[in-house]
Amino acid sequence: MTSRDAVQMQAVGNRYLAVIALVAAALGHSDVTRADTIPLTVNDPNLQVTTVVNAGLIQPIGIVFPSANANDFFVLEKASGQVKRVINGVVQPSPILDLPVNSNSERGLLSMVLHPNFPATPFAYVRWTESSSGADSINVAEVPLLGNRLDRYVWNGSALTFDRNIIMLRARQTDNVAVPGHPGTNNASEQGNHNGGVVRFGPDGKLYIFMGEQGRRGWMQNLPNGPFLTAPQSDDTFGGPAPDNAHLSGVILRLNEDGTTPSDNPFFAAGAAIGGEIGANIQKIYSYGHRNGFGMAFDPLSGSLWDAENADDAYSELNRVVPGMNGGWIQLAGPLSRIASWKQIETTQFGSRLQCP
C-alpha cells in the first residue's frame, strides 16, 4: 500500500465512523460507543468516534460528502424524502432537496451518489420511490408501477435541481391479485419491499444500480417460465416472465452517466439479438439472480465490486460480483456446498414457502 492509499483509507475510515456516529445519535444513543453496531474499542489511533450531529434528523438512511471537508455533508431521510445539509454539526434550516416519496416498508429515499468529478461536474444521482399522490405517503398502493426512480440533479451550491431521469424501475407488488393467465398468490396483500436501492459509481466511471427482485419470479430469477413448470404464463398482475420494463428486477445494472447503455456490458450482444424492450433491458444487466440487498461497494485498492445480499430463510451473502454473474436466486441462497442444508431449512421450517425445486 502506498502512502497515498493509506491516506485515502484513513479518510474512508474517518467518514465511516462519522456515519456510525450520525446514525447512533439519530437513534437516541447518548453514548455512541455503547451502540450495538459500533465497536467498543477503536484499535487504530488514527481513527476516532465522535458525534457529528445530534438533532434535526428523522430516519436518516445515508450520508454523502460533497468535499474533503468532513464537517460539511448531506444526509438523506428515508421517509421525508428530504436531503439535508449539515455544516459543523448543525442541520441547515432548508433541505437541499425534498421529494414526494412513498416510504412504505423498504421504499423511500434510498440512495444518492455524486459524480466522480463533483463539483466540477455538479451532478447528484438520487434513487427514490415516487408517491403517486404527489405528497409523502405510506400507503402501499400509492406508487406508480415504475415508481423506483434514479434521477440526476444539478448542485448549484445551495440546492439540487432536477436534470433528467436515468431509469424507472418496478415498484408495485400486486402478485396477490388474480388476472387472466395469473391465478394470484397466497400473499395477504400488496407488498412494498425488495426495492434494493443502492447506487455506486465504479472506477470505470459507470453507474451501478442494485435493484431487488420485488418478489418477481421470472427470467432474472432463473425461472424461464415464471412460477410455472410448463409454458410461460403471466408472472404477476402486469405480465412477465421476460424482463420488460415492469419485470427488470433482481439485477445489478451498469449504465453510462447519462443513462445510456455501455456497449461493453456482458449481455450487450445477447440483448441486441433479442431486440425490443426486453433486449434493451438485457443489455443493461451487469449481473442477475440477486434477491435483495442494501449494500454495494467497490474495493478502493483492487476495484472489485462487492454486494451484500439478504437471505430468505438462511444464508445471507457477501459476493464479489463479476461481469455476467448469475447469483443463483431463486434456486439457492448461500454457497453451493450448503444447498442441501438450505433445502432442508426451506422444507422443514418454512415448507409453506418452498421456492426451491
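Predicted model: local features only at pLDDT ≥ 70, side-chain atom pairs only at ≥ 80, totals over all residues.

Trainee: What makes strand β2 mostly covered?

Mentor: A residue is called buried when its relative accessible area is under 20%, and in β2, which spans residues 72-77, six of its six residues are buried. In a regular strand the side chains alternate between the two faces of the sheet. In β2, Asp-72, Phe-74 and Leu-76 lie on one side and Phe-73, Val-75 and Glu-77 on the other, and as these are all buried, both faces are covered.

Trainee: How do you know that β2 is paired with β1 and with β3?

Mentor: Two strands count as paired when there are at least two bridges between them. Strand β1 (residues 60-64) and β2 have four bridges in the antiparallel sense, with Gly-62 opposite Leu-76, while five bridges join β2 to strand β3 (residues 82-87), again antiparallel, with Phe-74 opposite Arg-85.

Trainee: Which residue in the turn between β2 and β3 has a positive phi?

Mentor: Gly-81 does, at about 75 degrees, in a hairpin that has four residues between β2 and β3. In the hairpin of β8 and β9, which also has four residues between the strands, Gly-157 takes a positive phi near 105 degrees.

Trainee: How many bridges join β8 to β7 and to β9?

Mentor: Seven bridges join strand β7 (residues 123-129) to β8, and eight join β8 to strand β9 (residues 160-169); both pairings are antiparallel. Val-126 stands opposite Asp-151, and Asn-148 stands opposite Leu-169. Strand β8 (residues 148-155) is also mostly covered, with seven of its eight residues buried.

Trainee: Why is a set of residues called a nonpolar core?

Mentor: The name applies because the set consists of buried residues of the listed nonpolar types, joined through side-chain atoms within 4.5 Å. The largest such core has 20 residues, and Tyr-125, Leu-150, Leu-207, Ile-209, Val-251, Leu-253 and Ile-285 have the most contacts inside it. Strands β7, β9, β10, β11, β12 and β13 each supply at least two residues of this core. Apart from it lies another core of 18 residues, among them Leu-76, Leu-114, Ala-124 and Tyr-153.

Trainee: What is Tyr-125 in contact with, leaving aside its neighbours within four places in sequence?

Mentor: Its contacts include Met-112, Val-113, Leu-150, Ile-166, Phe-201 and Leu-207, and also Asp-151, Arg-152 and Glu-257.

Trainee: What covers the buried residues of helix α3?

Mentor: The buried residues of α3 (residues 276-284) are Gly-279, Asn-281, Ile-282, Gln-283 and Lys-284, and what covers the buried residues of this helix includes β9, β12, α2 and β13.

Trainee: Why do β14 and β16 stand at the edges of their sheet?

Mentor: Three strands form this open sheet, in the order β14-β15-β16 with antiparallel pairing. Strands β14 (295-298) and β16 (317-321) each have a single partner strand, so one side of each is left without a neighbour in the sheet. The twist averages 20 degrees from one strand to the next. Strand β15 (residues 305-309) and β16 pair over five bridges, and Leu-318 in β16 is the bridge partner of Ala-308.

Technical notes:
Residues numbered from 1 in each chain as written. Heavy atoms only, no water. Buried < 20%, exposed > 50% of the residue type's maximum accessible area, 1.4 Å probe, protein only. Contact = heavy atoms within 4.5 Å. Axes fitted to C-alpha atoms, helices over the stretch in contact; angles between N-to-C directions.
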